[in-house]
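Please open the structure in a viewer and keep the sequence at hand.

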Amino acid sequence: MSWRFLRDVLSGVSQYSTGVGRIWLVVLFMFRLLVYVAAAENIWKNEHDEFECNTKQPGCENVCFDHFFPVSHTRLWALQLIVVSTPSLLVVFHVVYRENREKRHSLKLYRTPGDIDGGLLCTYLLSLVLKTGLEVVFLALFYKLHNGFQIPHLVQCDIRPCPSTVDCYISKPTEKMIFLRFLVATSCLCILLNLSELSYLIFKYAIKHSLKRQVNKGEGSGGDCHRAEGIGCHRAGTAGQTHNSSSSLALNGQEEHHKH
């Protein structure tokens, strides 16, 4: 299986990610994808051929293997890597939409199309929620398929056409369990990183919105003060003019009295 396309896509996603998002990409590449390609794929390469039962009954070994391993480990792991990476494409598509919209209208509609704000912020948060949910779904699936992330040395099978209860042996169970638990640990780490990035973005933009509201409220209060001061000065001026007019009338009355 070629992973070059997935690598190129996720490399393009990194330029729109936060610092925590870039750490998630490093974990995905270094501790999941490379480990899968370099080692894990070879460990489960011949799992069916190396699965042995102590009977020669035709078909018994096949039905027992299908019962205990209904889905191939490697294919399920590969599917998980692809599916949990897909929501990141939503961010890329949104940025492309912004760039095409600016070209179509020949206007600068965004400060930078890749800035995480407005609608792009909602898309980014949605991608984080989807990635976290998908990781949890696959962990639950692995838990159900492997009976609590365990790879036993011996399993007992009594499914037809087996003549009776037969013992079946799994090859390299310890090595497989180590890589299975490594898979679980890296999945949990990715969930933790996604939740951390989600909390960081929500907290950051909540603080930003709160500060913006306080600034707008302060500006509104300042305008009210200026208007109140203007009304006070106008009233003071009117009172002064009334007082001066009264004084002038009194003086004129006294002068006319003296003349008479």
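Begin with helices H2 and H4, whose crossing is left-handed. The model is predicted. Select residues 19-43 for H2 and residues 73-85 for H4; the two axes come within 11 Å and cross at roughly 160°. Angles over 145 degrees count as roughly antiparallel, and H2 and H4 are therefore roughly antiparallel to each other.

Next, display the side chains where these helices meet. On the H2 side, select Trp24, Leu28, Arg32, Leu33, Tyr36, Ala40 and Glu41. Coloured by class, the contact of H2 with H4 shows 9 nonpolar, 3 polar and 2 charged residues.

Now turn to the sheet. In what order do its strands lie? The 3 strands follow the order S1-S3-S2 in an open sheet, and their pairing is antiparallel. Select 52-53 for S1 and 154-157 for S2: these strands stand at the edges, each with a single partner strand, so one side of each has no neighbour in the sheet.

To locate a bridge, select Cys53 together with Cys168 in S3, its bridge partner.

Finally, select residues 60-68, helix H3, which packs on the sheet and touches S1, S2 and S3. Viewed against S2, the direction of H3 makes an angle of about 115° with that of the strand.

Methods. Residues numbered from 1 in each chain as written. Predicted model: local features only at pLDDT ≥ 70, side-chain atom pairs only at ≥ 80, totals over all residues. Heavy atoms only, no water. Pairing = 2+ DSSP bridges. Helix = DSSP H or I, 4+ residues; strand = E, 2+ residues; numbered from the N terminus. Contact = heavy atoms within 4.5 Å. Axes fitted to C-alpha atoms, helices over the stretch in contact; angles between N-to-C directions. Parallel < 35°, antiparallel > 145°, perpendicular 65-115°, else oblique. Left-handed = near helix turned anticlockwise from the far one by under 90°. Nonpolar A, V, L, I, M, F, W, Y, C, P; charged D, E, K, R; others polar.
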